[in-house]
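Work through the exercises below with the structure open. Try each task before reading its solution.

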Amino acid sequence: MRIVIVGAGKAGEALIENLSKENHDIVVIDQNSNLVEKLVDSYDIIGTVGNGAAYDVQMNAGIKGSDMIIAVTNADEVNILCCILAKRLGVEYTIARVRNPEYSTQMEFMRDQIGINMIINPEFEAANDMFRMLQFPVAANIETFAKGRVNLVEIRVSQESDLQGLPLMELQKKKGLHILICAVVRDEELFIPRGDFVLQAEDRLFVTGTTKQVMKMIKYQGLSQKRMKDVLMIGGGRISYYLAQKLLKHNINVKIIELDKERCKELSKKLPKASIINSDGTLQDVLDEERISYFDACVSLTGIDEENIIVSMHAASKGVAKTITKISRRNLLAILERVGLESCVIPKDIMATRIVRYVRAKQNSQGSNVETLYRILENRVEALEFNVCANFSQLGVTLEEMPIKKNILIAYILRGNELIYPRGMDTIREKDRVIVVTTQKYLRDLNDILEG
């Protein structure tokens, strides 16, 4: 596809990095010539300097020969205008980043009446991911498939776990666990395990299963799944606002520490049930004054990565059971893991993954579309949910006879309301939804899992 990206900031670069790897032709537009030049030098793309909402600039960028426009400037209104103009000029697919909470009630109107195909709010998406992490406090990360019926959860095998020394094939027979361990990291080495793989303490497991089965596995870990009652947030930005809304709806107490006095007043009006503190939440004295050790979770949401890491480390040292750290630089993930901060969120990466999923689906609108896409283990593994269409060449063929590529696992098959844990004699039918976990990159269609 030929894709025009308006905005050469962090979000634009994240999109260019992801989409250029998938062999799309990319054109970037930005008014900052230095940013455009930097991206053109770093990636195999074309750059245009100018206002992406201007007719002449879009025409110079070749908008009429493009399939898609993605507008991710810092101004919501500019992004919306870019998409409206591109739509009028014949672009089929338009995506706008819209971050202002005031527009959140107008999303349906913008899609249906203005014709913007996809509207994405990275902060809202990040808050959703954080909320899921807080629902499973003992899990480092959690994603969902099949409209919440299947979870993908990251868990580390504890020293107290009954699962140590157990081959995966024995999980159901000896423990009654109907789950699939689809990826394991041991001493930095990645495994897509088979049935004879034996679990060891400190293994990082990526487990798929229903909520009930995942909770059962957590119990075998010797870990308690304590319900969240009190959550502390450091920083009062958009993510804090969205996350606080969700937590308060679930009767969870929320305290937000924010340095900017005017922002505190604004949050107090919008979140009357939350406790808003005007102070510097990155200072240890302030955190101790606010009795950080009494909270079930601490979410670090300032605009500076290093501050968020230090706050999370302090919270962990005070016995806070769950810490979530917002960062903007992926190269910090290894450091976070080494210091024991495994639950972290990178909003621009969440946005990029959602958009890549949409692009893959639109590339293959006649085939078995990608319904859901998650990237785990620093993008080394993809977990995808496909809608099965009539073009899948192995309809009705048993899984044991199917020529599936190496390092691909079929985790679940959803058939109507039935959730199938796949075995050799199971088949895939039209209209099924199939969850696949793989180290193979850039799958767009279910046929891509097959040899030949």
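**Exercise 1. Overall fold**

Task: How many helices and strands does the chain have, and how does its radius of gyration compare with the globule rule?

Solution: 
- This is a predicted model. The chain holds 14 helices and 22 strands.
- Its radius of gyration is 23 Å. The globule rule gives 22 Å for 452 residues. The two values are close, so the chain is as compact as a globular protein of that length.
- The C-alpha trace spans about 65 × 65 × 40 Å along its principal axes.
- Of the 452 residues, 55% are buried.
- Take the contacts with a separation of 6 or more: 61% of them are between residues 24 or more positions apart.

**Exercise 2. Positive phi**

Task: Where in the chain does Asp187 sit, and is Asp187 buried or exposed? Then treat Tyr442 likewise.

Solution: 
- Start with the background: most residues other than glycine have a negative phi.
- Asp187 has a positive phi, near 50°. Asp187 sits in the loop between strand E9 (180-186) and strand E10 (189-191). Its relative accessible area is 75%. The cut-off for exposed is over 50%, so Asp187 is exposed.
- Tyr442 also has a positive phi, about 70°. Tyr442 lies in the segment after strand E22 (433-438). Its relative accessibility is 30%, which counts as partly exposed.

**Exercise 3. Salt bridges**

Solution: 
- The total count is 29 salt bridges.
- Glu13 pairs with Lys38, with the closest N and O atoms 3.6 Å apart. Glu13 is in helix H1 (residues 10-20) and Lys38 in helix H2 (residues 33-42), so the bridge ties together parts 25 residues apart in sequence. Glu13 is partly exposed at 24%, and Lys38 is partly exposed at 44%.
- Arg156 meets Glu337 at 3.8 Å, N to O. This pair links distant parts: Arg156 is in strand E8 (residues 150-156), and Glu337 is in helix H13 (residues 333-338), 181 residues apart.
- Glu266 bridges to Arg263 at 3.2 Å. Both lie in helix H10 (residues 261-270), three residues apart, which means a separation of about one helical turn. Glu266 is partly exposed at 34%, whereas Arg263 is buried at 18%.
- Finally, shared partners join Glu154, Arg156, Glu202, Arg204, Glu337 and Glu342 into one salt-bridge network.

Technical notes: Residues numbered from 1 in each chain as written. Predicted model: local features only at pLDDT ≥ 70, side-chain atom pairs only at ≥ 80, totals over all residues. Heavy atoms only, no water. Helix = DSSP H or I, 4+ residues; strand = E, 2+ residues; numbered from the N terminus. Rg over C-alpha atoms; globule rule 2.2 N^0.38 Å. Buried < 20%, exposed > 50% of the residue type's maximum accessible area, 1.4 Å probe, protein only. Contact = heavy atoms within 4.5 Å. Salt bridge = Lys/Arg side-chain N within 4 Å of Asp/Glu carboxyl O.
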